[in-house]
Amino acid sequence: MANPMQLAPPLTGFARVPLVLLMAGLAVAGNMMAMPLFFGVDLIFGSVAVMIAIVALGPMPGLAAAFCGGMYTLFLWGHPYALAVFMCEALVVGWLHKWRGVDVVMADLAFWLALGVPIVLLCYGVFLEVAWPTAGLIALKQSLNALFNIVLASLLLSAAKLRSVAIPGVVLKPLKMGEILFQVLLAAILLAGAVPIILGGREQRHQQEAMLGHQLVELAEHIDGRLHAASAPDLGALLAEARTSADIGLALLSPAGVVRVALGEVTSLESPVQALSGLPRVAFWKPAGAMSEMQRYRLGRYRVAVDVEGIDGIGSIVVERAARQLVERLDRGRLQLFSFLAVLTVFGIVSARLLSRWLTAPIRELEDASRSMTRRIALGRATRLPDSPIREFSHLSAMLREMAESLAGSFEQLQSSRDNLEKEVAARTVELARLSRVASQSTNAVLITDVGGAVVWINDGMTRLTGYTLDDLRGRSPGSVLQGAETDRATVATIREALAAERSFEADLLNYAKDGRSYWVHINCDPLRDDAGELQGFMAIETDITRERLDAEKLRASEQRLAAVIDGTSIGTWEWNVDTGETTFNEHWAGIVGHSLAELAPLSIRTWTALAHPDDLPGARAALDRHFAGETDFFDVQCRMRHKAGHWVWVHDRGRLISRTAAGRPLLMSGTHADISEQKLAEMALADQVQHTRAIIDNMVDGLITIDQRGSIDSVNRAAERIFGYRAEELVGQNVNCLMPDPYRRHHDEYLRRHRDGTKVGSIGAGREVDGKRKDGSLVAIELSISEITREGFPMYVGLIRDITERKRIERMKSEFVATVSHELRTPLTAICGALGLLAGGVMGKLPDKAEQLLAVADSNSRRLTLMINDLLDMEKLEAGKMRMQLEQQPLMPVIEAAVEAQQSFAEERGVRIGCDFRDAPVPGELEVLVDCQRLHQVLGNLLSNAIKFSPRGGQIRLGTEVEAGQVVVRVRDQGPGIPHEFRDRIFHKFAQADSSDSREKGGTGLGLAISRELIERMGGRIGYQSKPGHGACFHFSLPLVTSAAGTGASAAVDAGGETAGAHS
Amino acid sequence: MKPLRRILYVEDDADIRMVACLALESIGGFEVSACASGEEALDVADDFAPDMILLDVMMPGMDGPSTLRALRGLPGFADTPVAFMTAKVQPEELAEYGALGSCDAIAKPFDPMLLADQVRALWESVNGC
């Protein structure tokens, strides 16, 4: 049974404050509602609220309530010890209950037995100095009071639980049978024990006080009698006589209330007294002051006042007696009572506990048994329930057992039927899963709509096809989601119509997937009807036919393209049934031969054979046979056909056998027919051109060899065959270096490689004279010109070879002739010069003046002839490569100085000054060059003598040197007429003179500059000039400077032939 | 040093021979024995006992070098200074002449006025002054 209190959520924090305050208030109220037992000893009820707070709200609220209640006792009793004890009690009980799970009653009992009683004894006995019996009494009273309260609190809580009182935020433990029984028993025991004791105690007090009062009244009346009996009595003596005990105080008061005579202590006159109930004539007086109520009781006095009549001056008699004796007596009696009560209480608690446990034992057993009963029933086992001597329990037990057995039986049945059901469900689930998988994994998309056309289900295929999930589509019309811009409206209308008529339909439709991709589907849609034939919805099965559609469209497009191509290229087409001869042509076919198809009708294979050139028919027939025999993949012929206009048209027929008869004979053939007249003409023109070129090349005198970039010979013309003694076929494919003697042969491949790599090496272009090697190994002098051409993107080299053997031979002969002639000329010239020299030198003595003049003419001309022959011989040697140069490193300046010196007399003769200008050379003496001293002298002599010759009389020649970039430049500047424009190109050529008349005027052979150039170049230099006609000329040559360190002692012999050795490589 | 007095001159060309003789005798004041060929030179050499011999290189029959070798074979001519007179005065040719045992060469064509001085200079250089 669920306790409603448990359902309420526990309050936390400030939400509980009102309840705590309420409990604190109740604690104060409970303490205020004191039930006095005797002097200063009251039963108070504050701890009821404290205990309720502990149980219902927790230890801390309990402690708070205890504090508030205790504060009141501080006010009530004037000492803090009760407060302390209450706090301790709340603390200990709260702790034990909350954290140790001890029942509050037992917890409280434990507190009082272990701590409460000793603390009270200590506080009251020692600190308050109460008499030990009283202190014991108070201890007993407080503990009993507390136990009573806690039982009361427990009962109240139990009652609340029984009544199911719901207090918001308060969680109470469910009520236990044992507890309630315990509480009731204990309450009964306590009430049964305590009430008589308390009542007895009160009665005892009352009796004691009544007796005391009676004694006091008697004493007062006795005094009154004695007053009345004696006239003018001695009041003091009277009183002394009447006084029976030392603790009795007597006083006689005047009518006005003034003490006339007093004996002993009469304190009650000083302050008001309180009446005692049931004893109308007795009053009780308590001293004022800061002391506990109990002490005040103990110091209190009982008083009886009796009015006196008839005696002057005395209005009343006051009799007092100290309460101490009475109180002590009462205390002793009550101590006994409380001790008994205490024993009773302890016994009651223990016995109530035992009794309640014993009484509830069967219920607990039943509870234990029933706890496992559910499981046992579920397992179908027999349930064992405890027997009890108590009839009701026994009966209940039996009934439960019966019920359990019956339940177990039903449960078993239920179990078995459930098992069956599960098996069936499992089987169906498997089948459903299988069907579901089929539906889901079907490549077809399946879609089910309700009657209104809204989607209710789709399969995975639909999701795969469209990208939409069931959630995307559910409740929506498929058309609204899937159809788009290019969906065919007419088809959609047809579909709508069919749906409206609840008919099946099939349609091809362009739909759009979620990602916007369009696709084609074939839709197969059927209405779904229930058994009664009522329309339930529609099911559409959609097949993706996008690929088929695309293929079909591609095919159509391709056919269209093909047709367009054929149309655009004017290609004729034909189809020939080989079996029947039936043939179809297109209009282009007829157009090629200038006809229309109509003109050619009836069409057959004969149409073709009739138009074809008779000479070409055998070839076409042969090609056809080869194709039919399977030797060729295509029938491919070029032949001439007669044009309507009479000329022949070249056509290219190309076709293929499409099918054969069952017997394997050719059946259908189709192909194209193209006009290739222009192509043919071009081909023929090209062939003619080739033939023409070939003829030229073959007939040219010069050899022509083409090689590829690796040096492999590509073609050789006849002249080249002749020159090298090979046949063309022997050379084609060979490395061209087979035509070269060493060292060219060895270097040629490397040379080509460097050329390929972009290191252009200068052998392309102008003719060079080199040696070739013939087939027989002999050498042939050739002039070789190489040009580079590009064929099919690759470089090719064309070598033009001229056999110069003959030319060489003639040149050699000429040189030899010149050499011979020069030498032969020189011998007589030596004699002439010598003879003339001797005569002119006056060896023969003085000759006549005329003879001297003639002799001078003869002498100078013979010298000129000698120089000319020397120059000719030098030139010949240079050209023949026979000029030996002795190159030695030496300073330049001495050579220059010597040359100037040598020309000095000639210059003087001509009235010309030679000035040297070496300002540009920082240290002219250190300029060192590698030269042949004699030849350099010759060059300088040539330049200087030329300058002298062309200088005007009185003119000046300036000779200068400059250093430029490792070269020394020597300049010879004259003030002559300069060099005429037309002469400039050939000034360094042999026998070059600006004016033929010059030779006579200026002298000279016309070889000087040519020789100078050769010599300077042999020495590694360059020669040149600058001139403006009319402003003199400046001839200059440069020579490489030799640094002293590098060139010390360097010398080399170079001949003219030596340099050509590496020219080809 | 013994002064140069007697020169044996061998030259096949009579004109040149005449001019040279004239130049050597008239200008140099030498005693010259002129021979037209190597053979003739070998014949007269012993009798003439020249101080120095001038040899043309290119001659029919015995050329200059052959004549030199033959002269060197004669007794008393092992150390006689010999100079070639030739147009062939290229460095290697000169080296060749040196190897044959000549002291130097005089280039042709020669200046007749300077020839005597040239020969004397040679003589002096051979005799180490």
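## Helix and sheet in chain A

Helix 16 (residues 489-500) of chain A lies across strand 11 and strand 13 of chain A, and its direction makes about 130° with strand 11 of chain A; here axes are lines fitted to C-alpha atoms, for helices over the stretch in contact, with angles between N-to-C directions running from 0 to 180 degrees. Helices (H or I, at least four residues) and strands (E, at least two) are DSSP runs numbered from the N terminus. This is a predicted model, in which local features need pLDDT of at least 70 and side-chain atom pairs count only at pLDDT 80 or more, while totals for chains, interfaces and linings use all residues. Residues are numbered from 1 along each chain as its sequence is written, and chains are lettered from A and ligands numbered from 1 in the order in which they are written.

In chain A, 5 strands form an open sheet in the order 10-9-13-12-11 with antiparallel pairing, where two strands pair if DSSP finds at least two bridges between them. Strand 10 (455-458) and strand 11 (505-512) of chain A are the edge strands, each pairing on one side only, and the twist from one strand to the next averages 30°. Within chain A, His522(A) stands opposite Thr543(A) in strand 13.

| Strand pair | Sense | Bridges |
|---|---|---|
| Strand 12 (residues 518-529) and strand 13 (residues 535-544) of chain A | antiparallel | 9 bridges |
| Strand 1 (residues 6-10) and strand 2 of chain B | parallel | 5 bridges |

## Chain B

Chain B contains 5 helices and 5 strands, which follow the pattern β-α-β-α-β-α-β-α-β-α along the sequence. Strand 1, helix 1 (residues 14-27) and strand 2 of chain B make a right-handed β-α-β unit, right-handed meaning that, with the strands pointing away from the viewer, the path from the first strand over the helix to the second runs clockwise. The bridge partner of Tyr9(B) in strand 2 of chain B is Ala34(B). Because 4 of the 5 residues of strand 2 (residues 31-35) of chain B are buried, this strand is largely enclosed by the rest of the structure; a residue is buried if 20 or more other C-beta atoms, placed from the backbone, lie within 10 Å of its own. Buried residues make up 40% of the 129 residues in chain B.

## Between the chains

Across the interface, 16 residues of chain A are in contact with 19 residues of chain B, contact requiring C-beta atoms, placed from the backbone, within 7 Å. Helix 26 of chain A gives the most to the side of chain A that touches chain B, with 11 residues.

Note on methods. Two residues are in contact if their C-beta atoms, placed from the backbone, lie within 7 Å. A residue is buried if 20 or more other C-beta atoms lie within 10 Å of its own, exposed if 12 or fewer, and partly exposed in between; C-beta atoms are placed from the backbone.
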